[in-house]
Amino acid sequence: VEPLPVEDFRLQSSDSSSMMMGLNQIISRWQVSDLRRKYKFGVPARVNRGLYALKIPWGYSKPPGQEADSQAVPIIVPSQAAIIREIKDLFLDGKSYHQIQAHLIKAGYATPTGQGPWSRSTIKKIISNPWYAGRVYFGRRLTVRDARSNTARLVANPNPIIKDGKHKPLYSWEEYQRIMIEVERRAAGPRLNLYPLTGLLTCSVCGKRIYHKDVRWWCKSRHVKISNAMAMEIIPEAISVALQNVTVAARESTAYDPAPVLADLERQRLKIQQAYESEIYTHDEAERRIKAINAQVKAVKDGELAYIRKQQERETFEKTLEKAKAVLAHLPEWIRSEEPGVVNALLLRLCREIVVTPEHGVRVEFRD
């Protein structure tokens with residue numbers, strides 16, 4: 001269409017303009033539909049083949065000469081991978097997000113974007129990414145829309161796609177479970193570590209948390225009231241005494257191996273598919289049976305994950321217990337003098353809760 005000056009243009013002078021606009025609308029709708037189709041079906045297909053979903057995570061790149069190949073398996077970038085492993089080690093060693101951030105800035109490491117300083121959100125995204133443990137994933141979050149308020153929010157997807165990736169991992173899947181256990185523990189812990197014992201003290205009467213206010217520790221129902229000086233006198237001593245008597249249960253002698261059960265379920269699923277093709281089962285009956293087997297497969301895999309996490313929690317507890325017993329002789333003084341964040345990081349790994357009675361009695365409940 002020959003362009004015209006604005007003052008000379010008349011929509012009714014020719015049908016070519018309206019035809020072009022209509023054609024552009026058709027093409028635009030097709031392009032949007034094609035993008036949605038690729039996102040809904042193409043991306044999950046990539047993940048099922050062991051490839052990254054949309055973007056190669058930081059620390060990896062395509063092999064030289066394969067930059068244009070969408071099926072290329074990414075390889076490790078050594079300089080970036082060293083930073084990722086360092087972040088992981090610092091996090092599992094009990095360092096806070098703020099401490100890790102300060103360390104990275106002081107070391108002069110470049111951020112994944114190459115712009116701006118390191119942030120807490122960037123560090124959390126790196127340590128929470130299962131890619132570095134050898135898994136590829138898609139759909140870990142879902143968009144939930146509220147028609148009444150015309151708003152949308154992201155929620156965790158209970159059934160994301162997670163598969164073994166073709167790439168070489170930076171650390172093991174077991175270590176990743178240790179990371180996620182620590183992430184959840186910190187999310188449930190205190191936001192501000194202004195005082196030692198924050199997030200640990202519980203009322204023996206109502207079971208509610210005891211919080212610090214006006215140089216005292218209070219139960220919300222006022223069952224327990226104890227001054228900070230008294231708390232720092234009796235509770236560290238009680239922890240020290242309890243540590244002297246704590247023992248760790250023996251490890252299970254046999255490892256959890258779901259492979260035989262999963263192989264048997266896969267054989268059952270194949271038989272059902274063959275029976276459907278032979279017209280022994282109707283479509284609805286075959287679909288019902290396969291759904292039941294898929295539910296069993298999920299239960300077995302969830303059991304395997306629970307076993308791995310249990311073992312990692314035990315390992316974390318044992319290592320923390322060794323650290324605590326190494327300073328047992330002067331543990332009460334260490335609790336009183338060390339930074340609250342350091343004290344709480346160790347005690348939250350070690351203790352499920354510290355129960356305080358109205359008479360200022362103390363009972364320590366360990367995690368293991």
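## Close-up views of a predicted model

**Figure 1. Helix 3 and its buried side.** In helix 3 (residues 97-107), the buried residues are Tyr 97, Ile 100 and Leu 104. Why do they sit on the same side of helix 3? They cover an arc of only 65° around the axis, and that puts them on the same side of helix 3. Turn to the face away from the buried side and you find His 98 and Lys 106, which are exposed. The cover over the buried residues of helix 3 includes helix 2 (78-92), helix 4 (120-127) and helix 5 (173-188).

Figure 2. Follow the side chains along strand 8 (residues 210-213) and you'll see them alternate. Strand 8 meets strand 9 (residues 216-219) over 4 bridges, in the antiparallel sense. Which residue of strand 9 is the bridge partner of Ile 210? That's Cys 219. Lys 213, for its part, stands opposite Arg 216 in strand 9. The hairpin has 2 residues between the strands, and here Asp 214 takes a positive phi near 55°.

**Figure 3. Two loop residues with a positive phi.** Most residues other than glycine have a negative phi, and most peptide bonds are trans. Asn 150 isn't a glycine, yet its phi is positive, at about 55°. Look for Asn 150 in the loop between strand 4 (141-146) and strand 5 (151-156). Is Asn 150 buried or exposed? Its relative accessibility is 70%, so Asn 150 counts as exposed. Asp 214 isn't a glycine either, and its phi is also positive, at about 55°. Asp 214 is found in the loop between strand 8 and strand 9. With 56% relative accessibility, Asp 214 counts as exposed, since the cut-off for exposed is over 50%.

**Figure 4. The second largest pocket.** This pocket holds about 830 Å³ of space. Its lining has 31 residues, and those nearest its centre are Gly 94, Ser 96, Arg 186, Gly 341 and Ala 345. Two or more lining residues come from each of helix 3, helix 4, helix 5, helix 8 (283-326) and helix 10 (340-350). Which helix gives the largest share of the lining? Helix 10 does, with 8 residues.

Figure 5. Rolling a probe the size of a water molecule over the atoms shows where empty space is left. How many cavities of 30 Å³ or more does the structure hold? There is 1. The largest cavity has a volume of about 30 Å³. Lining the largest cavity are Leu 92, Arg 178, Glu 182, Thr 316 and Arg 349.

Figure 6. Pro 332 is part of helix 9 (residues 331-337). Why does Pro 332 count as buried? Its relative accessibility is 7%, and buried means under 20%. Setting aside neighbours within four places in sequence, Pro 332 is in contact with Pro 236, Glu 237 and Ser 240. Val 241 is 91 residues away from Pro 332 along the chain, with 10.0 Å between the C-alpha atoms of the two.

Conventions. Residues numbered from 1 in each chain as written. Predicted model: local features only at pLDDT ≥ 70, side-chain atom pairs only at ≥ 80, totals over all residues. Heavy atoms only, no water. Buried < 20%, exposed > 50% of the residue type's maximum accessible area, 1.4 Å probe, protein only. Pairing = 2+ DSSP bridges. Arc of directions from axis to C-beta. Contact = heavy atoms within 4.5 Å. 1 Å grid on protein atoms, 1.4 Å probe; cavity = no way out; pocket = protein on both sides within 12 Å on 5 of 7 lines; lining within 4 Å. Points joined across faces, edges and corners; volume = space filled by probe spheres on them.
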